[in-house]
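Here is a short tour to read alongside the sequence and the model. Take a look at the fold, and then we can walk through it together.

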Amino acid sequence: MSDEGPLGGRLLGIAVAALVMLAGVLAVGATLRGGPDVPAHPEPGTLETGQPITEEAAVFSTRAADLAVDPTVQGRPGASGRSLAGFRALRAYPGAPPRIPHALADDEFLQATCNQCHRRGGWAPRFGAYAPVSPHPEFSNCLQCHVPANTGELFRPTGWVAAAWPVTGRRAMEGSPPVVPHALEMRGNCVSCHAGPAAVAEIRTTHPERANCRQCHVPALGGPEPGAAFSRPLERPGGAAPPDGPDGRGGGA
Amino acid sequence: MSPVERRIFLKRMAMAAAAASASSLVPDVAFGEELGGYVGDPEALEWRKTPCRFCGVGCGLLVGLENGRAVAVKGDPESSVNRGLCCVKGYHSVQALYGGDRITRAQVRRDGRLVEVSIEEALDVVAERIRSTIAEHGKDSVAMYGSGQWTIPDGYVASKLFKGALGTNNVEANARLCMASAVTGFMSTFGLDEPMGCYEDIDHADVFVLWGNNMAEMHPVLFSRMLERRRTGQGVQIIDLATRTTRTSYAADRSLLFAPQSDLAIANAICHELVANHWVDESFVERHVAFKRGKTDIGYGLEDGFSFTDEATDVGWDEYVAFLADYTPERVEAISGVPAEDIRWLASLYGDPARKVTSFWCMGMNQHTRGTWINNLVYNVHLLVGKIAEPGNSPFSLTGQPSACGTVREVGTLTHALPHGVVTNEDDRRMAAEIWGVPLENIDPRPTYHTVEMFRALDRGDIRFMWVQVTNPMVTMPHLNRYRAGAEKEGRFLVVSDVYPTPTTDVADVILPASMWFEQEGLFGNSERRTQHFAQLVDPPGDCMSDTWQLIEVARRLGYEELFPWSYEEHIDGIWAEYTRFHDNPKHRMAPLDELKERPGIMWPYVDGQETKWRYNTRHDPAADAEYGDFDFYGKPDHRAWIWLRPYEPPPEVPDAEYPMWLNTGRVVEHWHTGSMTRRVPVLHQAVPNAYVEVNRLDAAEMGIRNRERVRLVTRRGSLELEARIDYRGQPTRGQVFVPFFDEGLLVNELTLDSFCPISKQPDYKKCAVRLERIGGRTAS
C-alpha cells in the first residue's frame with residue numbers, strides 16, 4: 001500500500017500557511033456570464049444561475065472546525081505519512097486526479113463512501129494512517145475521477161510522456177514567500193496537502209496556524225519568472241505591439 | 001523511447017540535476033531563471049481547448065502541449081458544459097494517443113496476410129475496389145459504415161461521396177446502435193430531432209427522474225452537476241428508475257427497480273394517474289398537443305429483410321383516456337414489480353405544478369425493442385403537465401458519443417437521411433443536389449439498409465465492399481458470431497480506418513492508419529446541440545491521415561475532384577461553409593467557424609449572435625411564433641407536439657426453463673465503448689482490466705456461486721466464461737446478470753440478440769434470455 005490518499009489535493013511547492021478562511025465564494029453572481037450567452041428574451045426569475053469561480057471555489061471550502069484533527073497537529077508517532085514521491089506516483093501527470101491507493105470493500109466501491117473519511121480526515125486504524133482531506137468534499141461522485149488499480153499490468157505498452165513536475169520553493173528573493181506553482185481548480189484548499197497530520201512531508205507548512213494562505217502566497221502560472229522585471233509596453237493598448245512585448249503567456253517551457 | 005521522448009527526458013534530467021545541485025549550495029533561492037526560464041512548470045505549457053474525445057456530454061478540455069506532444073489535461077473552466085470538471089476518462093484522455101501499438105502504416109491483405117504498403121498505394125487499392133465492385137455488382141453493393149465519433153467533416157464528406165457521387169444510400173453509422181430510437185422518438189413526437197432544452201435545465205430542476213440511466217458512470221460530469229444542484233437547492237430530489245442497482249441508485253433519493261421492458265407500462269401508469277388526479281395542464285394540452293394512435297404488435301426485426309412503417313391515426317382525448325384505463329398502478333405493479341403506491345408517488349412529482357421536473361435517459365430507453373415507443377411515452381408524461389421546453393422542465397435524451405448528434409443526426413449519415421431532411425423527399429434531394437453540385441438523379445430516393453440489415457446484407461452477399469471508420473463492429477454488433485462469419489466470407493472486402501488493432505482490423509482487407517482527435521482539425525456536436533471546434537494541436541504519427549482526408553483522396557481517385565476541391569489547409573473551412581448552407585434557417589442555423597474557433601462551443605439554432613437554449617419556447621426561440629401562444633412546436637405541420645398511444649408489448653426473447661435469466665449489457669465509467677482507446681490508458685486499464693459478470697447475491701447463493709468464481713453464460717447464440725462478481729460495481733435484480741462490453745477478449749455480443757425497434761431499427765442490448773452455469777475455481781487475480 002502506498003502512503004498516499006485518494007483525494008489529496010495537488011498542492012506542491014513551498015510551505016503555504018494553512019488554516020482556512022471562513023468566507024465562502026462558491027456562488028459568485030450571475031454577472032459572470034452574459035454577452036452572447038444571454039437568451040434573446042430573458043424570462044424573469046430564470047436568468048443564468050450563478051456559476052462558481054472554479055479556480056477560487058475550493059479555497060475556503062473546508063474550515064478548520066470541519067476537520068477531525070487540528071491542522072496544526074503533526075500526528076502520532078508511527079503513523080504512515082505521505083511523501084512527495086508517493087504523491088506523484090499516484091498521478092499520471094501534474095494535476096491529474098490521483099488513483100485510489102488502498103483496497104476498497106465491494107460495498108465501498110458500489111456506494112462511493114469515500115467522504116466518510118476524506119471529508120474531515122482523521123485517524124484511520126484500518127490503514128494506520130491519517131486520512132488525507134479532500135480539497136473538494138462538495139463533490140460526492142468520487143469514483144467519477146478516482147479509480148483503484150486492480151492490476152499492475154498494461155494492456156499494451158505506452159509511449160506517453162507526462163508534463164514535468166514543477167520546481168518547488170520558487171520565490172523572488174531570499175526570505176520572500178514562495179509562489180504557488182500549480183493551478184487551483186479542484187485543489188485550492190491548501191490544508192489538504194500542506195497542513196495537518198496527513199500533509200505531504202516535503203511540502204508541509206511551517207506555520208499552519210496562519211489561516212489566510214493566499215495573503216502571502218500567490219499563484220505564478222506561466223507569467224514572468226518571480227523576480228523578473230516588469231517591462232512597460234512601448235505602445236499604448238490599441239497601437240502596434242512592441243517587438244518583444246509581453247504576450248501574457250511568458251516564455252513557455 | 002522515441003527520439004522525441006528521449007529528448008524530453010534528457011532535457012528534464014539535465015534541468016533537475018542542475019536545480020538539485022544549485023539548491024544544495026544556496027537553499028531557498030530560485031534557480032529557474034539561471035536555467036533559461038521556467039523549469040518543468042506545467043502551468044507554462046501551452047494550453048489549448050478541445051472537446052473531450054469520449055462521450056456525448058462534450059466536456060471542454062484544455063490540453064497541455066510540450067514539444068508537439070500532449071502531456072497534461074485539465075477541465076476548461078470556460079466551458080459551460082463542465083465548468084472545469086472532467087471524469088477519469090477525460091483527465092487521462094490524451095494518453096490514448098500514445099499507445100505503443102498505434103497503427104501508423106497502411107496494410108493490405110495479400111495471400112491472406114496483411115502487408116505494409118504506402119498509404120498512397122492503399123488508397124489506390126480502396127478506390128479500385130469500389131470501382132470494380134460497383135461495375136460487377138451494382139452501386140448498392142458498396143457501403144460506408146461510420147460512427148458518432150466521426151467529426152462533422154468526416155460524416156459530411158462520406159455522405160457526399162456515397163449519396164451524392166456514387167449514388168447509393170448505403171451510409172450508416174454506429175449511432176444506429178446507440179441513439180436511433182431517440183431520433184425516431186423526437187421525430188414522431190415533435191417532427192424535429194434533438195432536445196428542446198439544454199444542460200442548464202439541471203440548474204433549475206427540482207426533481208430529476210432517471211429512466212434506466214446509470215448517469216453516475218455514463219454521464220458523470222452531468223451527474224455531478226445534478227448532485228451540486230441538490231446540495232445547494234431546496235428540496236431537490238433524484239429518483240433512479242432502473243433494472244439494476246448502481247452507484248446512481250445509491251446517490252439517488254429513491255431507487256425504484258422495475259422488470260425489463262416494463263418502463264412502457266410505468267410511463268402509461270404515470271399518465272393514468274395524471275389524468276385520474278386532474279393534474280393535466282389542460283390549457284397546454286388543448287393548445288399545444290395532438291393525439292395519435294400508431295400500429296401495434298409491430299414485430300422485432302429478427303428476420304432478414306424485415307420491414308415496418310408506422311402510420312399515425314388521429315384520435316381524441318376520450319380515446320386516450322380509454323387507452324390509459326389498462327394502466328392502473330395496480331395492473332402495472334403486476335407487470336413491473338414497482339409498488340402501485342410508488343407509481344402514484346412518482347406521478348405526483350410530475351403532477352405537482354410547483355416542481356420543475358427533468359427526465360434523463362440514454363441507452364436503457366434507446367436500446368429497446370420498443371425504443372421509439374418509450375421515448376414517445378416519456379414525452380407524453382411531460383406534455384400532459386406542460387413541463388417542457390422551459391428552464392428546469394425538460395425531457396432530456398442524453399447521447400452516448402461525442403458527435404452522434406453533430407455528425408450522425410445533423411449531417412444525416414444514416415441510410416434514409418441527408419444533411420437536411422430525408423432521401424424520400426424530393427425537395428430535400430433537390431437541396432442536396434444543388435449544394436453538392438450533382439445531378440438530382442444521383443441521389444437515390446430509396447433508403448437501403450439500416451445497420452443490422454447492412455451486416456446481414458454483407459453476410460448474404462448483397463453488399464460486397466464495406467468501409468468502416470472510427471468504430472469496431474466486430475465487438476459491438478449483436479449476435480456477433482453471424483456478422484463476423486459474414487464479414488470473413490469469400491468475396492467480401494472490408495476496409496477499416498482505425499488507430500489501433502482491433503477485432504475489426506483483424507478481419508480487414510485494407511487497414512488505413514487514421515489520425516485521431518486533435519491530430520487533425522475537426523468539429524463535434526454534443527447532446528445539447530452544442531457545436532465544438534478543435535484545431536490540430538499535434539502532428540499525427542507516421543502515415544496517419546484524417547478520415548475526412550482519406551475519403552477525399554479516394555473520391556479524387558474515383559474522378560470526383562470537382563466535388564472535393566479543397567486544399568488540405570482550407571478543407572475544414574470549405575466543408576463547414578458548404579455544410580452549413582443545409583441548415584441556414586432560424587430552426588437550425590449554426591455558428592460561423594471563426595466564432596467556433598474562439599469559444600468552447602456554441603449551441604444551435606444560433607440566430608443573430610444568440611444561442612437558443614429552449615427551443616419551441618416563444619420567449620427563447622426566435623423560430624417559435626408567438627401566434628401559437630407560449631410554445632410553438634413548429635416541427636409538426638399542425639404546430640403541436642403529438643401524444644402517442646403506445647401500449648406495453650413484451651420483448652421477443654424472455655427467460656424460460658432452458659434460459660431462465662435476463663442478460664443485460666452496458667458500460668463502466670473507466671472504459672469507452674470497445675476499449676480500443678481506454679485500455680491503452682494505464683490508469684483506466686488497471687482499474688478495470690477485464691470484463692466480468694454481475695450476479696445477484698441471492699441467485700448466486702442458490703446456485704452455490706461464490707464471489708470471483710468462474711461461471712459460464714449460455715444463450716441461444718453463444719457461450720462465454722467470465723468471473724462472477726457479487727455486490728461489486730452494480731447489483732442486478734434477481735434473475736438478471738450484467739456484463740460490460742468493452743473487453744475484446746470476452747465478447748458478450750456473441751451472446752446478445754439482434755432484435756431491434758421496428759421504427760428506429762436500433763438493437764436491444766439490454767434484454768435476452770441466458771443460462772448461468774457454475775464452473776467453480778477462483779480467477780487468478
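## A walk through chain B

Let's start with the interior: of the 781 residues in chain B, 62% are buried. Keep in mind that this is a predicted model. The predictor assigns the complex an ipTM of 0.87 and a pTM of 0.88. For chain B the mean pLDDT is 94, with 94% of residues at 70 or more. One stretch to treat with care is residues 14-40 of chain B, where the pLDDT is below 50, although this stretch has 37 contacts in the model beyond near neighbours in sequence.

How is the chain built overall? Chain B contains 26 helices and 31 strands. Its C-alpha atoms fill a box of roughly 80 × 70 × 60 Å along the principal axes. Taking contacts in chain B between residues at least 6 apart in sequence, 72% join residues at least 24 apart.

| Helix of chain B | Residues |
|---|---|
| Helix 23 | 571-579 |
| Helix 4 | 152-166 |
| Helix 24 | 593-598 |

Which residues of helix 23 are buried? They are Ile572(B), Ile575(B), Trp576(B) and Tyr579(B). Viewed down the axis of helix 23 of chain B, the buried residues fall within an arc of 100°, so they line one face of the helix. The general rule is that an α-helix has 3.6 residues a turn, so residues three or four places apart point the same way. Helix 4 and helix 24 of chain B are included in what covers the buried residues of helix 23.

Note on methods. Residues numbered from 1 in each chain as written. Chains lettered and ligands numbered in written order. Predicted model: local features only at pLDDT ≥ 70, side-chain atom pairs only at ≥ 80, totals over all residues. pLDDT = per-residue confidence, 0-100. Contact = placed C-beta atoms within 7 Å. Helix = DSSP H or I, 4+ residues; strand = E, 2+ residues; numbered from the N terminus. Buried ≥ 20, exposed ≤ 12 C-beta atoms within 10 Å, placed from the backbone. Arc of directions from axis to C-beta.
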